[in-house]
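This report describes the fold of a single chain, from its overall layout to its local backbone features. The sequence and the structure come first.

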Amino acid sequence: MSQGDAFAPGDALHNVEILYVDDEPHRRDMMRRMLLSLGARRVQVAETGPEALKVVMGTQCGLVITAHVMKPMDGIQLVRELRAVANYPRALVPALIIGDPVGPDVVTAALGAGANHFLVRPLSPAKLYERIAWAVTDNRPFAVKDGHYVIKPTRMTLPPGATKAQLAARQ
């Protein structure tokens, strides 16, 4: 898409109920409005990880999007808690983490906790829509590791010198 092209979302999100988690009120409100404008069926918001876990366990939720940096529980901890085997079948809800540019160690930790993807701010509506549509149709199998579901690693060939975390952060 070139700079002059307008983005018009399709209908991939019309049946998706999203939970957005962020401890910053302005970002919560802005993201809720953006997600609704992209065609999400419903957007719930939560201020903390513990509150988000209660929402996921108690309501219909097709996707969790969480900020990386939050207190008292950050986005990686939230996804790890969500993916606990005891939370099945809710443990398998797709989860995206959004954050500022970070090093490969943080992206690796996010994916190791079971996140479907780590998105880097700033996010365009087109990129956000693309990643949400991808996450809700992500059919990679889960595996259980240390009592938590994680996405089963796939075999991929990396370019010389590249790490999986670097590739994930670029996508």
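## Fold and local geometry

Of the contacts in the chain with a separation of 6 or more, 65% are between residues 24 or more positions apart; contact means heavy atoms within 4.5 Å. The model is predicted, with pLDDT of at least 70 needed for local features and pLDDT 80 or more for side-chain atom pairs, while totals for chains, interfaces and linings use all residues. Numbering starts from 1 along each chain as its sequence is written, and side-chain values use heavy atoms, with hydrogens and water left out.

The chain has six helices and seven strands. These are DSSP runs numbered from the N terminus, helices being H or I with at least four residues and strands E with at least two. Along the sequence the pattern is β-α-β-α-β-α-β-α-β-α-β-β-α. Of the 171 residues in the chain, 42% are buried, where buried means under 20% relative accessible area, exposed means over 50%, and partly exposed lies in between, with a 1.4 Å probe and protein chains only.

### The sheet

Five strands form an open sheet with parallel pairing, in the order β2-β1-β3-β4-β5. Two strands count as paired if DSSP finds at least two bridges between them. The edges are β2 (42-46) and β5, each of which pairs on one side only. On average, neighbouring strands of this sheet are turned by 20° against each other, direction ignored. For such angles, axes are lines fitted to C-alpha atoms, for helices over the stretch in contact, and the values run from 0 to 180 degrees between N-to-C directions.

| Strands | Bridges | Residue pair |
|---|---|---|
| β1 (residues 17-21) and β3 | four | Y20 and I65 |
| β3 (residues 63-67) and β4 | four | I65 and L96 |
| β4 (residues 95-99) and β5 (residues 117-120) | four | G99 and V120 |

From β4 the chain crosses through helix α4 (residues 104-112) to β5 in a right-handed β-α-β crossover. A crossover is right-handed if, with the strands pointing away from the viewer, the path from the first strand over the helix to the second runs clockwise.

Strand β4 is mostly covered, with five of its five residues buried. In a regular strand the side chains alternate between the two faces of the sheet. On β4 both faces are covered: A95, I97 and G99 are buried on one side, and L96 and I98 are buried on the other.

### Helix packing

Helices α2 (residues 49-58) and α3 (residues 75-82) pack at an angle of about 35°, and their axes are 10 Å apart. Their crossing is right-handed; by the convention used, a crossing is right-handed if the near helix is turned clockwise from the far one by less than a right angle, and left-handed if anticlockwise. On the α2 side the contact is made by G49, A52, L53, V56 and M57, and on the α3 side by L78, E81 and L82. These residues divide into six nonpolar, one polar and one charged. Here Ala, Val, Leu, Ile, Met, Phe, Trp, Tyr, Cys and Pro count as nonpolar, Asp, Glu, Lys and Arg as charged, and the others, Gly among them, as polar.

### Loops

The bond from K71 to P72 has omega near 5°, and P72 lies in the loop between β3 and α3. The bond from Y88 to P89 is likewise cis, with omega near 5°, and P89 is in the loop between α3 and β4.

Residue D146 is not a glycine, yet it has a positive phi of about 55°. D146 lies in the loop between β6 (142-145) and β7 (148-151). Is D146 buried or exposed? D146 is exposed, with a relative accessible area of 69%.
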